[in-house]
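Open your viewer and load the model. This tour tells you what to select next and what is there.

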Amino acid sequence: MIDRYTRPEMGRVWSDEHKYELWCRVETLVLEAHAAAGRVPADVVEPVRNAPPPTPERVAEIEETTQHDVIAFLTAWADNTEPRSAAAYVHHGMTSSDLLDTALAVQLTEATDLLLAKADRLVAALRDHALAHRNTIKVGRTHGVHAEPDVWGHRVADIAFAMARSRDRLRAARDRVGVVAISGAVGTYSLIDPSVEVEVARALDLRPADASTQVVLRDSISEWVSALAIIATVCETVALEVRHGQRTEVRELSEAFGSGQKGSSAMPHKKNPIRSERIAGLARVVRAAIVPVMEGIPLWHERDISHSSTERVFLPDAAITTDYLLHLTTGLVENLVVDADRMRVNLESTGGLIYTSSVLLELVEGGLSREEAYALVQSAAMETWNTGTPFRATLRSRAKADGVELDEARLDEICRPERYVQNLGPLFERVAALR
């Protein structure tokens with residue numbers, strides 16, 4: 001991922017420097033387990049443990065010749081080992097994927113922990129924003145068309161719970177990707193004792209894989225990427241709501257606009273939802289990772305490496321982009337400008353059409369059949385749409401023509417927007433308990 005969208009901590013997780021640090025750590029843990037069991041000389045452990053990780057530049061230089069990244073790494077690291085002869089016991093009984101998949105599991109869990117912390121903050125921001133606007137009346141919209149009265153906090157609460165569920169999916173996926181596989185060439189432990197895998201897993205605070213061939217099957221990594229894609233898409237849900245709300249014709253929501261900020265190179269009046277649009281664009285990047293990573297589940301027999309090149313691109317990019325999206329969305333929510341007065345103006349802009357559902361039920365309860373009541377209310381509503389005459393006026397006219405008596409006092413109560421949201425108390429109690 002380009003630097004523009006890379007946060008430093010997450011970038012560090014996926015850097016080559018950190019990768020080689022993890023490779024050194026995994027190889028050292030395997031060597032220590034071998035030495036403890038008496039399979040290799042004990043005096044080789046300390047020189048290997050003290051050998052600094054090779055630089056990415058040195059590994060790349062050797063790989064130009066070997067065309068094998070693990071062999072290049074082992075050679076470069078051996079060059080840093082004093083005495084070099086101690087390095088002869090590094091990678092003892094292992095195959096490349098033992099190192100690669102185990103170190104990758106550490107990277108995945110490290111990245112996940114960063115993401116979970118940011119997801120917690122976003123859930124809290126959404127929760128607090130929803131509670132702050134539990135009484136902010138707005139019009140609800142279905143198909144983009146005014147429906148019934150609602151409160152802004154209700155819409156935000158829905159997204160808050162979605163983000164909490166998405167965070168919990170990622171937490172569950174962390175457990176499944178956090179596995180160690182130190183099982184040898186085709187996973188049969190032919191040249192390495194299973195106890196080594198157990199010891200390495202314990203030291204890394206992970207767990208041994210339930211089974212592995214030469215690689216860990218990629219279903220869990222696919223689940224992890226899918227969890228990131230869902231998080232990214234929930235972030236986009238927030239962004240889409242803001243993009244709609246910031247349109248000139250709506251003007252209910254807007255991103256914070258800083259001093260000195262510019263909206264357009266040509267039009268000085270512009271205040272554009274650039275953060276929300278960036279979120280929408282980058283969510284596509286994360287979703288794009290699902291299929292390529294999932295196609296790494298079916299490999300030839302005990303393994304091939306068709307998954308490897310895909311994962312080198314998509315796993316870092318998905319993690320880095322999701323990390324940035326969580327950061328960006330949290331800032332968007334924490335600084336969101338809500339125009340409650342404009343929300344009220346928009347709610348009243350259709351002349352009362354948003355009350356048709358309650359009027360329909362009131363007429364049914366007054367003795368009309370549902371078909372008769374629907375026809376009366378719809379004909380009045382269509383006249384309001386076509387002429388701009390307030391709905392109560394067209395309703396009176398149509399009711400009089402049909403010989404239907406209206407209870408005006410009852411209609412006054414029905415056409416009060418607060419009535420539509422009076423049962424949301426338990427919802428906001430659940431929101432307040434959200435963690």
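In which helix is A105 found? Select A105: the residue sits in helix 6. Helices here are DSSP runs of H or I with at least four residues, strands are runs of E with at least two, and both are numbered from the N terminus.

Before going on, note the ground rules. This is a predicted model with residues numbered from 1 along each chain as its sequence is written; local features need pLDDT of at least 70, side-chain atom pairs count only at pLDDT 80 or more, and totals for chains, interfaces and linings use all residues. Side-chain values use heavy atoms, with hydrogens and water left out.

**Stop 1: helix 6**

Stay on A105. Its relative accessibility is 2%, so A105 counts as buried. Buried means under 20% relative accessible area, exposed means over 50%, and partly exposed lies in between (1.4 Å probe, protein chains only). Now show the contacts of A105, meaning heavy atoms within 4.5 Å. Leaving aside neighbours within four places in sequence, A105 meets V177, G178, V179 and L206.

Next, select D101. D101 also lies in helix 6, which covers residues 96-132. D101 is buried, at a relative accessible area of 9%. Not counting residues up to four places away in sequence, D101 touches V179, V215, V216 and R218.

**Stop 2: helix 7**

Move to R171, in helix 7 (residues 152-177). Is R171 buried, exposed or partly exposed? R171 is partly exposed, with a relative accessible area of 35%. Beyond its neighbours within four places in sequence, R171 is in contact with L116 and D120.

**Stop 3**

Keep one rule in mind. Most residues other than glycine have a negative phi, and most peptide bonds are trans.

Select P83, in the loop between helix 5 (69-79) and helix 6. The peptide bond from E82 to P83 is cis, with omega near -5°.

Then select H91, in the loop between helix 5 and helix 6. H91 is not a glycine, yet its phi is positive, at about 70°. H91 is buried, with a relative accessible area of 16%.

Now go to D205, in the loop between helix 8 (194-203) and strand 4 (207-208). D205 has a positive phi, near 60°, and is not a glycine. D205 is exposed, with a relative accessible area of 68%.

**Stop 4: the whole chain**

Zoom out and colour by domain. Domain 1 is 1-92, domain 2 is 95-345 and domain 3 is 351-421; these bounds come from an automatic or database domain assignment. The C-alpha centres of domain 1 and domain 3 lie 76 Å apart.

Colour by secondary structure: the protein has 18 helices and 6 strands. Its radius of gyration is 30 Å, well over the 22 Å that the globule rule gives for 435 residues, so the protein is more spread out than a compact globule. That radius is taken over C-alpha atoms, and the rule is 2.2 Å times the number of residues to the power 0.38. Along the principal axes, the C-alpha atoms fill a box of roughly 100 × 50 × 35 Å.

Finally, colour by burial: 50% of the 435 residues count as buried.
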